[in-house]
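Thanks for coming, everyone. Let me put the model up, and then we will walk through a few spots.

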Amino acid sequence: MEGNCKALVNNEYRTILPGHLLLFPPGERYDLIIGEHQNDKPSGDYYVLCSGKLIDEWWQRSSQNQLTRISTDGRLQEVWNQIILESRRTSGGDKRLLSLLLQALLILIDRAITDASSYSTASAATALRIKYYIESNAQREITINEIAAYVSLSVSRVSHIFKNQFGMSIIKYAQQMRLHLALELMENTTLNLENIAEQSGFGSYTFFYRVFRKHYGVSPKVYRNR
């Protein structure tokens with residue numbers, strides 16, 4: 001997540017940087033060197049050590065490299081944090097919940113590895129980071145300036161990279177995410193439409209109404225009544 005260190009990968013020591021994912025099957029040698037040189041940046045990472053039937057089955061159905069570069073997707077960290085918090089409970093945590101969280105973590109790791117292979121160029125990887133950021137923050141007001149700062153690029157560069165990769169603007173993709181969330185709230189809650197507009201990230205019902213009608217051809221009220 002930050003800084004750098006070295007790890008034994010395929011019998012040689014490799015520099016590990018933010019975005020690197022290390023995977024070692026149970027029983028395989030693992031060695032990490034932190035702070036080897038005085039000018040090394042302090043490193044921080046997420047890790048989990050585990051074994052058992054679930055892990056064995058995962059290793060059998062997937063052929064993973066020891067070292068992979070993935071996008072630092074906030075969703076991975078969120079599940080990791082939940083595993084950490086649950087395991088720190090005085091009771092040792094709910095074993096069933098820990099198992100489910102671990103399953104979720106493995107699925108997200110698989111997805112991150114697949115995405116990394118699909119988006120091999122630097123620009124494509126950046127576009128994927130932007131996409132994840134939008135998905136994680138669509139429920140609130142976000143700006144292109146904020147996204148540009150998140151990936152340390154200019155506003156024009158961010159807009160170009162995203163549209164070139166996904167064929168739509170950042171604003172349009174954010175609106176699509178908010179529309180999907182609004183539909184879920186309309187179908188599964190009794191919230192009024194004004195609250196749904198606010199909770200799905202549109203801010204005002206007037207704006208929500210305009211975007212919804214343009215996309216679905218009917219007003220939110222008519223759609224919900226159907």
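**Asparagines in a loop**

Start at asparagine 10. Its relative accessible area is 55%, so asparagine 10 is exposed. Keep in mind that this is a predicted model. Where does asparagine 10 sit? In the loop between strand S1 (5-9) and strand S2 (12-16). Look at the backbone there. Phi of asparagine 10 is near 50 degrees, which is positive, and the residue is not glycine. For context, most residues other than glycine have a negative phi.

Move along to asparagine 11. It too is in the loop between S1 and S2. Buried or exposed? Asparagine 11 is exposed, at a relative accessible area of 77%.

Now, who touches asparagine 10? Glutamine 66 does, and its other contacts include Leu8, Val9, Phe24 and Glu28. Glutamine 66 is itself in a loop, the one between helix H1 (53-61) and strand S5 (67-69). Its relative accessibility is 12%, so glutamine 66 counts as buried. One distance for you: glutamine 66 and threonine 114 are 15 Å apart in space, C-alpha to C-alpha, and 48 residues apart in sequence.

Next, the helices. Helix H4 (residues 122-137) packs with helix H7 (residues 170-188). The angle is about 40 degrees, and the axes are 9 Å apart. H4 and H7 are therefore oblique to each other. Their crossing is right-handed. Which residues make the contact? From H4, Ile130, Lys131, Ile134 and Glu135. From H7, Ile170, Tyr173, Ala174 and Met177.

On to a charge and a ring. Arginine 129 lies over the face of tyrosine 150, at 4.9 Å from the ring centre.

Last topic: aromatics. How many aromatic pairs does the structure hold? There are 14. Take phenylalanine 212 and tyrosine 216. Their ring centres are 4.6 Å apart and their planes are at 40 degrees, so the pair is tilted. Both residues lie in helix H9 (residues 205-216), 4 residues apart, about one turn of the helix. Phenylalanine 212 is at 0% relative accessibility, so it counts as buried. Tyrosine 216 is partly exposed, at a relative accessible area of 28%.

Zoom out from that pair. Ring pairs link Phe212 and Tyr216 into a cluster with Phe202, Tyr205, Phe207, Phe208, Tyr209 and Tyr223.

That's the tour. Questions, please.

Key
Residues are numbered from 1 along each chain as its sequence is written. This is a predicted model: local features need pLDDT of at least 70, side-chain atom pairs count only at pLDDT 80 or more; totals for chains, interfaces and linings use all residues. Side-chain values use heavy atoms; hydrogens and water are left out. Rings of Phe, Tyr and Trp (its six-membered ring) pair if their centres lie within 6.5 Å; planes under 30 degrees apart count as stacked, over 60 as edge-to-face and the rest as tilted. Helices (H or I, at least four residues) and strands (E, at least two) are DSSP runs, numbered from the N terminus. Buried means under 20% relative accessible area, exposed over 50%, partly exposed in between (1.4 Å probe, protein chains only). A charge sits over a ring if NZ of Lys or CZ of Arg is within 6 Å of the ring centre and within 35 degrees of the ring normal. Axes are lines fitted to C-alpha atoms, for helices over the stretch in contact, and angles run from 0 to 180 degrees between N-to-C directions. Angles under 35 degrees count as roughly parallel, over 145 as roughly antiparallel, 65 to 115 as roughly perpendicular and the rest as oblique. A crossing is left-handed if the near helix is turned anticlockwise from the far one by less than a right angle, and right-handed if clockwise. Contact means heavy atoms within 4.5 Å. Lists of a residue's contacts leave out its neighbours within four places in sequence.
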